[in-house]
Amino acid sequence: MVNINLRATYALLTNTVKEKSDPQMWQATIYTLFPNMFPGPLGQSIAGKAMEQGIWKLNAVNIRDFAMDKHKTVDDTSYGGGTGMVMRPDVIHSALSAHAQPGTKLIYASPKGKPLTQSMIRSWLADYPNGIGILCGRYEGVDQRVLDQWHETHGLEDISIGDYVLSGGELAALVILDACVRLLPGVLEKPDATTIESFELDLLEYPQYTKPQIWNKTVVPDVLLSGDHKSIAAWRLNEAETITQNRRPDLWQRYEANQKPVKK
Ligand code: ADE
């Protein structure tokens with residue numbers, strides 16, 4: 001059995017991120033105690049160039065500006081005891097209320113969140129044309145009441161970038177932003193390339209080769225030099241399937257479940 005549809009799709013996929021109908025520029029609003037960490041690495045390379053070109057903009061909101069006392073207090077001890085400090089709900093609520101925009105996906109970066117996936121990134125870009133807001137926690141986290149309230153009223157979602165604990169949400173926010181910005185229309189020179197890379201179609205990417213054709217006595221696979229696009233697509237699909245099966249049984253299971261095999 002061969003899935004002909006998938007093979008053709010693999011060779012021919014085009015970018016599926018919707019063009020924005022709204023002329024408003026895509027904006028990332030980051031709620032943080034460390035606004036100087038932004039844009040950080042996103043001021044360089046692809047994302048930095050896209051920012052210069054006016055494809056996206058950044059608003060790093062300093063949560064401390066919303067503190068209510070003269071000491072600019074943003075956190076306090078945890079009810080019930082424990083060593084860490086917890087960010088106050090009143091301060092967080094004021095910061096979010098001052099900057100939350102309609103048409104924007106709101107995220108709380110947290111190791112307790114749903115694991116981030118490529119398809120989440122694509123759906124946020126399609127469904128929230130105005131951009132993304134990311135709340136970055138520090139210390140032991142954020143008072144649960146303000147999170148619960150914003151989950152309910154504004155669809156705030158807790159998102160984790162992996163099963164490890166960072167010292168705050170800022171690095172996670174940079175990761176999430178990078179994954180979003182590179183998919184914005186006009187950012188990549190060849191947007192088609194984004195649909196045949198790892199995690200699209202629940203497959204890891206096939207191996208890539210470039211010049212020289214012979215390096216260190218090793219050669220590029222013959223099929224890639226054949227000019228036969230169908231054979232190349234079939235070879236790449238097979239490689240992608242093999243590597244996914246070996247390295248990521250979780251993805252492989254999802255991929256297999258989504259196949260609708262066509263009998264030859
Ligand atoms: N903050 C701390 N650790 C994190 C993680 N793994 N993902 C998202 N935000 C975090």
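Predicted model: local features only at pLDDT ≥ 70, side-chain atom pairs only at ≥ 80, totals over all residues.
**Strands and crossover**

If you want a pair to look at, find Y31, which sits opposite V61 of strand 2. Between these strands comes helix 2, residues 45–52, and together the three elements form a β-α-β unit of the right-handed kind.

**The nonpolar cores**

Y31 turns up again in the largest nonpolar core, which holds 45 residues. Along with I107, A109, I134, A173, I176 and C180, Y31 is among the residues with the most contacts inside that core. Helix 6, residues 170–181, gives the core its largest share, namely 7 residues.

Leaving out residues up to four places away in sequence, I134 touches I30, Y31, I107, A109, A173 and I176. Another core lies apart from the largest one; it has 6 residues, including L201, L203, L237 and A240.

**Around the ligand**

A109 is also one of the residues surrounding the ligand. The rest of that shell is made up of S110, P111, S160, I161, G162, Y164, V165, L166, G169 and A172. Which element gives the shell its largest share? That would be strand 5, residues 104–115, with 3 residues. By type, the shell splits into 7 nonpolar and 4 polar residues, with no charged ones.

Most peptide bonds are trans, and most residues other than glycine have a negative phi. The table lists the spots in this model that go the other way.

| Site | Feature | Value |
|---|---|---|
| F38 to P39 | cis peptide bond | omega near 0° |
| K211 to P212 | cis peptide bond | omega about 5° |
| S45 | positive phi | phi near 55° |
| D202 | positive phi | phi about 60° |

Where do these sit? P39 is in the loop between strand 1 and helix 2, while P212 belongs to the loop between helix 6 and strand 8. D202 is in the loop between helix 6 and strand 8, and S45 is in helix 2.

Is S45 buried or exposed? S45 is exposed, because 11 other C-beta atoms lie within 10 Å and a residue with 12 or fewer counts as exposed. D202 has 22 C-beta neighbours inside 10 Å, so it counts as buried, the cut-off being 20 or more.

D90, in helix 3 (residues 89–99), is partly exposed because it has 14 other C-beta atoms within 10 Å.

G186 is found in the loop between helix 6 and strand 8. With 13 C-beta neighbours inside 10 Å, G186 is partly exposed too. G186 and Q53 are 133 residues apart in sequence, yet their C-alpha atoms are 9.4 Å apart.

Definitions and conventions:
Residues numbered from 1 in each chain as written. Pairing = 2+ DSSP bridges. Helix = DSSP H or I, 4+ residues; strand = E, 2+ residues; numbered from the N terminus. Right-handed = clockwise from strand over helix to strand, strands pointing away. Core = buried A, V, L, I, M, F, W, Y, C linked by C-beta atoms within 7 Å. Contact = placed C-beta atoms within 7 Å. Near = placed C-beta within 6 Å. Nonpolar A, V, L, I, M, F, W, Y, C, P; charged D, E, K, R; others polar.
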